[in-house]
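Dear colleague,

I am passing on the structure below, together with some notes on what was found in it. Please have it open while you read on.

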Amino acid sequence: MLAGMLAARESGQVSQTEFVANLLALLDAGTQTTADFITNSVLVLLSHPDQLKLLREDPQLLGYAVQELLRFESPVQIVGRWATESFALQGKWIEQGQVVYLVLGSANRDPSWMSDPNRLD
């Protein structure tokens, strides 16, 4: 991945600022968020012994468990994105280039798309 990032920088596809920002994001994603996910998951599973028991009894549930643990207690709660075009979103106008913050912690507990979103399943 780093080789690809360096090649993009050397070819002028990304600026030095973009290169450094992406490098720092990669470093953070590969260390801190992983450590946070593991500790969050251990705490959540210990506080939900019924779900921990299910996982211990059937390790094939691990893939689903990872997705559910990411939803239930995400190590990243808010991410920012730049709008690539102008558009309306729920009555609000978003201009191209404007930063939009996505609140994952809230979206992951949204009852409009998931029944019983506060339940670990």
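In what follows, two residues are said to be in contact when heavy atoms of theirs lie within 4.5 Å. Please keep in mind throughout that this is a predicted model.

I begin with helix α5, which covers residues 62-72 and in which Ala65, Glu68, Leu69, Arg71 and Phe72 are buried. When the helix is viewed down its axis, these buried residues of α5 fall within an arc of 160°, and so they line one face of the helix. The partners against which the buried residues of α5 pack are α3 and α4.

Those two partners also pack against each other: helix α3 (residues 32-47) and helix α4 (residues 49-57) meet at an angle of about 105°, with 5 Å between their axes. Since angles of 65 to 115 degrees count as roughly perpendicular, α3 and α4 are therefore described as roughly perpendicular to each other. On the α3 side the contact is made by Leu45, Leu46 and Ser47, while α4 contributes Pro49, Gln51, Leu52 and Leu55. Sorted by class, the contact of α3 with α4 comprises five nonpolar residues and two polar ones, with no charged residues.

A last point concerns asparagine 108, which is found in the segment after α6 (104-107). Is asparagine 108 buried or exposed? Its relative accessibility is 16%, and because buried means under 20%, asparagine 108 counts as buried. Leaving aside residues up to four places away in sequence, asparagine 108 touches Leu70, Arg71, Ser74, Trp113, Met114 and Pro117; of these, Arg71 was named above among the buried residues of α5.

How values were computed: Residues are numbered from 1 along each chain as its sequence is written. This is a predicted model: local features need pLDDT of at least 70, side-chain atom pairs count only at pLDDT 80 or more; totals for chains, interfaces and linings use all residues. Side-chain values use heavy atoms; hydrogens and water are left out. Axes are lines fitted to C-alpha atoms, for helices over the stretch in contact, and angles run from 0 to 180 degrees between N-to-C directions. Helices (H or I, at least four residues) and strands (E, at least two) are DSSP runs, numbered from the N terminus. Angles under 35 degrees count as roughly parallel, over 145 as roughly antiparallel, 65 to 115 as roughly perpendicular and the rest as oblique. Ala, Val, Leu, Ile, Met, Phe, Trp, Tyr, Cys and Pro count as nonpolar, Asp, Glu, Lys and Arg as charged, and the others, Gly among them, as polar. Buried means under 20% relative accessible area, exposed over 50%, partly exposed in between (1.4 Å probe, protein chains only). The arc is that of the directions from the helix axis to the C-beta atoms.
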